Number of protein chains: 4
Amino acid sequence: MTNRNVSVQPAAGRAVEDQEVEIVERKGLGHPDSICDGIAEAVSQALAQTYLDRVGKVLHYNTDETQLVAGNAAPAFGGGEVQEPIYLLIVGRATKEYEGTKIPAETIALEAARDYLQANFPHLDVGTDVIVDVRLGEGSGDLQTVFGEEGTVPMANDTSYGVGHAPLSETEEIVLNVERRLNGEYSDDNPAVGQDIKVMGKREGDRIDVTVAAAAVDAHVDGLDEYREVVAGVREFVGEVAGEYTDREVTVHVNTADDYDDGAIYLTTTGTSAEQGDDGSVGRGNRANGLITPNRPMSMEATSGKNPVNHIGKIYNLLSTEIAQSVVAEVDGIRQLQLRLLSQIGSPIDEPHVADATLITEDGVSVADIEDEVAAAIDEELANVTDITRRVIDGELSTF
Amino acid sequence: MTNRNVSVQPAAGRAVEDQEVEIVERKGLGHPDSICDGIAEAVSQALAQTYLDRVGKVLHYNTDETQLVAGNAAPAFGGGEVQEPIYLLIVGRATKEYEGTKIPAETIALEAARDYLQANFPHLDVGTDVIVDVRLGEGSGDLQTVFGEEGTVPMANDTSYGVGHAPLSETEEIVLNVERRLNGEYSDDNPAVGQDIKVMGKREGDRIDVTVAAAAVDAHVDGLDEYREVVAGVREFVGEVAGEYTDREVTVHVNTADDYDDGAIYLTTTGTSAEQGDDGSVGRGNRANGLITPNRPMSMEATSGKNPVNHIGKIYNLLSTEIAQSVVAEVDGIRQLQLRLLSQIGSPIDEPHVADATLITEDGVSVADIEDEVAAAIDEELANVTDITRRVIDGELSTF
Amino acid sequence: MTNRNVSVQPAAGRAVEDQEVEIVERKGLGHPDSICDGIAEAVSQALAQTYLDRVGKVLHYNTDETQLVAGNAAPAFGGGEVQEPIYLLIVGRATKEYEGTKIPAETIALEAARDYLQANFPHLDVGTDVIVDVRLGEGSGDLQTVFGEEGTVPMANDTSYGVGHAPLSETEEIVLNVERRLNGEYSDDNPAVGQDIKVMGKREGDRIDVTVAAAAVDAHVDGLDEYREVVAGVREFVGEVAGEYTDREVTVHVNTADDYDDGAIYLTTTGTSAEQGDDGSVGRGNRANGLITPNRPMSMEATSGKNPVNHIGKIYNLLSTEIAQSVVAEVDGIRQLQLRLLSQIGSPIDEPHVADATLITEDGVSVADIEDEVAAAIDEELANVTDITRRVIDGELSTF
Amino acid sequence: MTNRNVSVQPAAGRAVEDQEVEIVERKGLGHPDSICDGIAEAVSQALAQTYLDRVGKVLHYNTDETQLVAGNAAPAFGGGEVQEPIYLLIVGRATKEYEGTKIPAETIALEAARDYLQANFPHLDVGTDVIVDVRLGEGSGDLQTVFGEEGTVPMANDTSYGVGHAPLSETEEIVLNVERRLNGEYSDDNPAVGQDIKVMGKREGDRIDVTVAAAAVDAHVDGLDEYREVVAGVREFVGEVAGEYTDREVTVHVNTADDYDDGAIYLTTTGTSAEQGDDGSVGRGNRANGLITPNRPMSMEATSGKNPVNHIGKIYNLLSTEIAQSVVAEVDGIRQLQLRLLSQIGSPIDEPHVADATLITEDGVSVADIEDEVAAAIDEELANVTDITRRVIDGELSTF
């Protein structure tokens, strides 16, 4: 029988929702660190898919190290310009030849990065506002991992750790959704809102402060009055979004560093602070669940850009969150579930060394009531571990 | 009166030392991520000191983004060679002119990086085994912060978060000291041991596994037998060091990925895996206390390379650890103390918005017995916040 | 009266057309050196025009140093791919701020390079097949030269030298026109012919050998037979073109390094050998008149990318050719005219230190018959020296 | 019998020494273009020697494309500093593996560049004042040329052209020796004289103007008076050197762009203008004989950095000069000899397609008197063509 080492225990402390102070942060799509995460993962998906298409399996690669060097810009109402381009260096390893088939890893990476930037950053002219460079070393042939053969579950090649939780707290829901919806429906209708949106949520007792720094796009802002309207619009929208996730008292702050008298406002030409002074790199921002949650255990692992077939840290970080969500959806009575997975070198990755769930139940439910159900659900999810790989390659799972 | 918002409460959960599974990791001096941390911090110190020397105060800069692109090497018993050099790109911002005084930020950065590499990596030839490049943009004049004026405590310019704890658990002590002493006294006598040493400690109940991956330096290893002796020597030394910090059962594993039959061993020419395929960047490895501790709350903040005058995230991460250590040393009866500091934008940094200590006391001591003493000690330490800045510039505090 | 120091003398040797051996070469549009020349000049034009538009005069800049690092490609009948991208580094100096007006020199350069590549290289995907990077230092403010003020002729700031001749010899005409028309009308109808076309003409007595190396574009060539047809087509066309310029016996050689048995043919994916192993830089190929002519005096000056307002070497090389052509067109009886211009530091550029014409006249005409007419024509052309600057900025004059 | 196609004819025009205006230029050791030439050739020598040492023959490589991007410096009497480093990119191709033997081409290149810079530029701190980067692609295996096998003369793989002459004219001797001796004996005793020395000689009839631009080194110049002494010293020395080569009237100009009233002087920190605004690249300066001579036919070929085994352009340019010098030394009565070599694709390189000598004889000697002797001497020298290769690898022949 497969040994997944699942254990379910009551959590020792208070639920995050009950702690006095809770801090949650999300660096949005256009934050320089997130740009790097996004490119690293886009490059990874493109490489994985190319390997599948050409040789039928994913070969060794790792592209988790994009570096962004900020540019210089002169934003101006009605439309400014980038003075010195952003410089983006895609770094990593990739297998460039396999049994006679060549894989143009660097051109694939450049194309994936360009496509990603063009799809997500309408105000950024790739090639003039940003230079994309690449240095992909040759991946070691020894590390080539077979993927896609029937029934195979890869072996863990490292001791690595993943941690996830569900459900999100109210503050987490607010922070995550505020950014996603600002960068989704809201900016569709309001092109003056750029992609670099940073959201911090701070809950003290039952008061939640949501602080948003949102880059305005100068071509869509004709003057200071219009800028103030943009800020007011964001504030109102954020308030509405927050209200969907909590009944607590919410205060929204937008672009608090602005000083209208000094003319210091958050105006950009490209929609991202990368145009002026803010560098970025992979793995410095959001964790795999899209949030930075100092009240929760977090993994240091940079998930974006890693090979989803054999990088156990990537897989376990995504998987632990997925399992936690799925178990909470399936099993009634869970107030908070945290799942920790620790790999066992040399064992199949669906057989972790530790699969450790801690539970806080809802009133009237005890851990004993549901622990078997939870354990069974975890076990079942673990059995489908290779689904994670497939979904990552298909771009269905966000890594940041 | 100065309001430091210090609160002291009992911790909700179990002490880390009492948890069933504890994982601790340290990426040693020569790990690619640590090389980047070390260079970023060395550059930061050199810039800060230059600003002090030339204009009497630290000006705006931020150099927390070094990127390392791995090389290619052909290690061989008796001495191999680097085939393709490592590429190191120092990234950041720095003020290059202030009231007519020019600051050669890029040459300072290059010199600091070279000095750091030469001081710490005896087997790495700077200029041939590794290329050091630099891209430091112009720091914004608006952000220039006065430092060194009498009696001034800087204002927090961001909402940022730091967390520290004391004392270290046994496993933490072992992991930290094993790496430091291997890279200290041991390698002084054993030049065959390179700088790239990764240590993972895993405690399950009262059994501790210490897993060490230590790069051997080929010029000091004549053949496989000698390599095995190197590994055996490390294993013995690690066992001894571990024994100084615990009475628990310790098992030591060294270079477990070796396969002598296949000739797969951890042999390097330069003492670091950066020579062959392992990229690195700042803030991806150890936290400010030198460890990765998934059982503890951690900050995502990359501490190395940041400006120690005005970067509140850097200051609070270092400070929270310093205060925790100092309080534990001063006040009797503390089993575990965790301190969380949260800044208040626009307030002096010695007046955090939250200074939240959670305590687990030793048997026979209650939190109530010592909470005033703890609060007073924290308050006193906070009052000396600018000491942290000075010690960072002087290189007295490690950031990774 | 303006002193232009014009002298007209008989040439000492034989006309080039009468020499026993004549060698002429042209590196076509897609040769790596010409790509660099073309980009350097496109960047120069874009900068000059931007300065005119924004501050009403051309400021100091110099962009005569583009470096191309070849890529790696895997061409294949029907369509191959670039494995490792070409890397293009635009190097130079430019004024980035002038009396409060900012000039985004680097983004202008990137845009000009991209536009140039896209306009001229239909098979090259800018951004994936080629990375364009830029390093433009700050131009010295001291060197800012006023341009466009009424009636101003700039002063020569260097001792520099230009040399031109007219008319072209038959071999020169053939070499120049073969490349231009292959890269013009012929490739419009024959997309299988790429832009990298190198033409060498060698005349021995009355026999002319025209050797063409023309890159074929794999997407338009389905197999070896089709490739042979492409080669045959080029050979036929070149023979026809050559016949328009000479009655001498012409032999055409195309892609002589091909070895069909070995499968060694000149097949490319992008139409240029830069995709595979051939690096390039500015000023290494054609002289300002589009040719390399070892039988004639040549200037070493790299013309492309230099500032057409104040770079006397650029101006005199273009001007000497222009004047020679114009004089030959105006004055009857000239068989060969060579004009050498040498600047005088500190004098207006229309007053050269030496303006030295050597003449070979047609039968029945003596130098004495026409020397006054020639001198007057030269004098008049020199008076309009600033026209050259304007025409260069407008892109009317080719520099390579 | 070997067919070397040697022809000897009278020159058609006047000897350069008799022409009315003669211009000669030399870019000294520390000129940015010469720095690139020097590094390219040093890298070439190091690679060639490594191939000989490791595999017994020189493999395919070509390193003729170093690009220098100027830095920024703030020179100051008594010692200034480099603000932004010079960036040097070594570009080319090299064989990195041959029958199982690996060749660390990039680290060899970096080491050669560093050694060259340290040996020749005492005021330049390699690693801080200048960053040396490298991009050497993989050389094509197909182009691997056998070298060093007994009795082998390589085949020409291209139609290429070389031209040389002897003896040097007086102006040429002066220009060449002024720079060499300033950068030799004179700077040994006068460390205030930097390596970037540009010399232009202009002879009009019997008056020779020697214009020297010599960078002063700030650490060795305490003030303006001392600077004036440095300039005066150079002027005196140049006058003396010139007097050794001519009886004509010589006027020496040193640093004519200086303006003491404005404080505009040629002061540097590193001894080269590369520190501030002057970019450079290979093949843009001196021809293979060390001079730029617009009065003579010149080859456009960049000699430095090319493979001395199989690059026929490099070999013929060096060889034509060597042969001309040697013939002039052996055969009495030659006033001016120019030798042009044109290769024949597919023939051994000692059998050129054209070996064309033009002679001007001394009074009382006719071409007919010595043409057989000259032809025989040329033939003999051609027979020893492979000596050139060996001497280039050994660094005995300068290429710029």
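The model is predicted, with local features needing pLDDT of at least 70, side-chain atom pairs counting only at pLDDT 80 or more, and totals for chains, interfaces and linings using all residues. Residues are numbered from 1 along each chain as its sequence is written, chains are lettered from A in the order in which they are written, and side-chain values use heavy atoms, without hydrogens and water.

Chain A was laid on chain B by a turn of 180° and a shift of 0.0 Å along the axis, with an RMSD of 0.0 Å (least squares on the C-alpha atoms of residues with pLDDT of at least 70 in both). This is the relation of a two-fold axis. In chain A, the C-alpha of Gly13(A) is nearest the axis, at 2.1 Å.

Contacts (heavy atoms within 4.5 Å) join 50 residues of chain A to 50 residues of chain B. The copies meet through the same surface, because 100% of the interface residues of chain A are also interface residues in chain B. Six salt bridges were counted between the chains (a side-chain nitrogen of Lys or Arg within 4 Å of a carboxyl oxygen of Asp or Glu). One salt bridge joins Asp64(B) and Arg284(A) at 2.7 Å, N to O.

Twelve cavities of 30 Å³ or more were found (on a 1 Å grid over the protein atoms alone, sets of points where a 1.4 Å probe fits but cannot get out; lining residues have an atom within 4 Å of a point). The largest cavity has a volume of about 1100 Å³ (the space filled by probe spheres set on the points). Of its 43 lining residues, those closest to the centre are Gly13(A), Gln19(A), Asn295(A), Gly13(B) and Gln19(B).

Note on methods
On a 1 Å grid over the protein atoms alone, a cavity is a set of points where a 1.4 Å probe fits but cannot get out, and a pocket is an open set with protein on both sides within 12 Å along at least five of seven lines; lining residues have an atom within 4 Å of a point.
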